[in-house]
Amino acid sequence: MSEILIQAEKLVAGWQQPATAPLDLCLAAGQIIGLTGPNGVGKTTLLSALAGRAKCFSGHLQRRPALRIALQNQELPPVDGLPLSGRELLALTAASSSGLPAWLHHHLDQRLDRLSGGQRHYLSLWAILQSPADMVLLDEPTNNLDAPGIAHLVIALRQRAAGGAGIILVSHDASFVSDACDTVQRLRGIDDVE
Amino acid sequence: MWNDLFLVPFLSGLCLALLLPVLGCFLRLRDEWLAALAYAHVAAAGALLALVAGLAPMLGGIGAAALVGAGKRFFPKRLAGGAAFVLLLLAGWATAVLLTANQPLAERLGNALFDGQLYFSDSSNFYLLLLWSLFALPVLFHLSSQLLLARIYPDYFHARHLPVWPVLSGFDLLAALSLALATTTLGVMSSFALVFVPPWIVFSRARTWRSGIFLAALIGLLGYSAAFALALGFDQPFGPVLALLLVMVGLVIA
């Protein structure tokens, strides 16, 4: 049986106050879990709580000791006006460029702020996805991506999981979630529970 | 130009012409270029206060800037977004000008600090700047990737349970001390020009971070050397000549 990386039991998360319904979740190495649900149910807040940023108000959250986490949030890195190339970005997080799609590989030596929104997003995502980590948390990873980009991402996620990483992703894209994930959990709003 | 009278000041400034543009790249990365002006004014006020108190001016400048640089992370959140730097700048400037106006002892040094007269630098000052540059430049290169990560992926450190404050506070202290040394050697505005203009030029032009750092240092070195020769040749105060030259270079390239 694969090693458990993180386990949540009736976890209620939030920033200043509880903002999510209780969640039960168990992620093993090599597994990909998708979290879906309508706007406002607290998907991003839960992801932040799993990363240790948002507060856990009740329930139980247990991480494997010395767990290395990589977290990608929805905001694009602030690289406008910064002389930073794609290759330098990957070097920062120690991510390998091996496996990048050709439409991005050819632009690795360009400045990030000279790339298109989709190229920049995918490279920023790649820098997190391929960084040395045991658990990868991705928030709406398909934002700004076209169909070939999403198809490539599904393959990259599968390869990363096959390499032993556990992945939890939040997405509104139902077909992407069903293609990429082993398990899908649809979250309910805090009001739906009360 | 190459006698001791001018060679020592030239070499002193050369150390700073290499260090300040590199430091400026990191301040610009963090959107803190205004910090350079604030630290310079605080250092000027500290140097004048020390002089009036009968202490070495450089000690006062370094002490005041170090205090502010190290204490920056304890500033209240309402002073975020650059407000702290503006207040420090105004307080430093006002203190320095009042001391210059009311203390005869402080008048000469005050004028030198704000006019930017490099020629008072002696050999002990040069050795101090050389040692500091030899320390600060490798430290900056060592912190480079962590400062970039802290800016681009602010969650990176938190997600890995790594403390980011030693990196940021270490950088703040290094920036404050460098600006204090620069201010008491080159003057307030010359230091600011070297911190601001070369990074401003290269941020829009360079293709990579590494080449940007290299180009900023090169522009600093060339601009400083040309300004030194021009100021000496035409018997003009060094600070304004350097500032004007860098502004012109910046405008031409922009």
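**Two chains, one predicted model**

Colleague: What share of the 254 residues of chain B count as buried?

Modeller: This is a predicted model: local features need pLDDT of at least 70, side-chain atom pairs count only at pLDDT 80 or more, and totals for chains, interfaces and linings use all residues. Residues are numbered from 1 along each chain as its sequence is written, while chains are lettered from A and ligands numbered from 1 in the order in which they are written. A residue is buried if 20 or more other C-beta atoms, placed from the backbone, lie within 10 Å of its own, exposed if 12 or fewer, and partly exposed in between. In chain B, the buried share is 49%.

Colleague: How many helices does chain B have?

Modeller: Helices (H or I, at least four residues) and strands (E, at least two) are DSSP runs, numbered from the N terminus. Read along the sequence, chain B goes α-α-α-α-α-α-α-α-α-α-α. Chain B has zero strands, and its helix count is 11.

Colleague: What is the radius of gyration of chain B?

Modeller: Its C-alpha trace spans about 55 × 40 × 30 Å along the principal axes. The radius of gyration is taken over C-alpha atoms, and the globule rule is 2.2 Å times the number of residues to the power 0.38. For 254 residues, a compact globule would come near 18 Å, and chain B agrees because its value is 18 Å.

Colleague: In chain B, what percentage of the contacts with a separation of 6 or more comes from residues 24 or more positions apart?

Modeller: Two residues are in contact if their C-beta atoms, placed from the backbone, lie within 7 Å. In chain B, take the contacts with a separation of 6 or more. Residues 24 or more positions apart account for 76%.

Colleague: Is B:Ala36 buried or exposed?

Modeller: B:Ala36 sits in helix α2 (residues 33-52) of chain B. Beyond four places in sequence, its contacts include B:Gly24, B:Leu179 and B:Phe192. B:Val195 is 159 residues away along the chain, yet the two C-alpha atoms are separated by 7.0 Å. B:Ala36 has 30 C-beta neighbours inside 10 Å, so it counts as buried.

Colleague: At what angle do the axes of α9(B) and α11(B) cross?

Modeller: Axes are lines fitted to C-alpha atoms, for helices over the stretch in contact, and angles run from 0 to 180 degrees between N-to-C directions. Angles under 35 degrees count as roughly parallel, over 145 as roughly antiparallel, 65 to 115 as roughly perpendicular and the rest as oblique. The two helices are therefore roughly parallel to each other. Helices α9 (residues 188-205) and α11 (residues 238-253) of chain B have axes that come within 9 Å and cross at roughly 10°.

Colleague: How many nonpolar residues are in the contact of α9(B) with α11(B)?

Modeller: Among the residues making the contact are B:Ala193 and B:Trp200 of α9(B), and B:Leu242 and B:Leu246 of α11(B). Ala, Val, Leu, Ile, Met, Phe, Trp, Tyr, Cys and Pro count as nonpolar, Asp, Glu, Lys and Arg as charged, and the others, Gly among them, as polar. The contact has three polar residues, no charged ones, and a nonpolar count of 11.

Colleague: Which element gives the largest share of the side of chain A that touches chain B?

Modeller: The two chains meet through 19 residues of chain A and 19 residues of chain B. On the chain A side, β5 (69-72) and α2 (86-92) are the elements that give two or more residues. The largest share, three residues, comes from β5(A).

Colleague: Which residue of chain A does B:Gly212 touch?

Modeller: B:Gly212 lies in helix α10 (residues 209-233) of chain B. It is buried because 27 other C-beta atoms lie within 10 Å. Beyond four places in sequence, B:Gly212 touches B:Cys25, B:Val202, B:Phe203, B:Ala206 and, from chain A, A:Pro83.

Colleague: Is A:Lys10 buried or exposed?

Modeller: A:Lys10 is in strand β1 (residues 4-14) of chain A. Its phi is near 50°, a positive value in a residue other than glycine. It has 12 C-beta neighbours inside 10 Å, so A:Lys10 counts as exposed.
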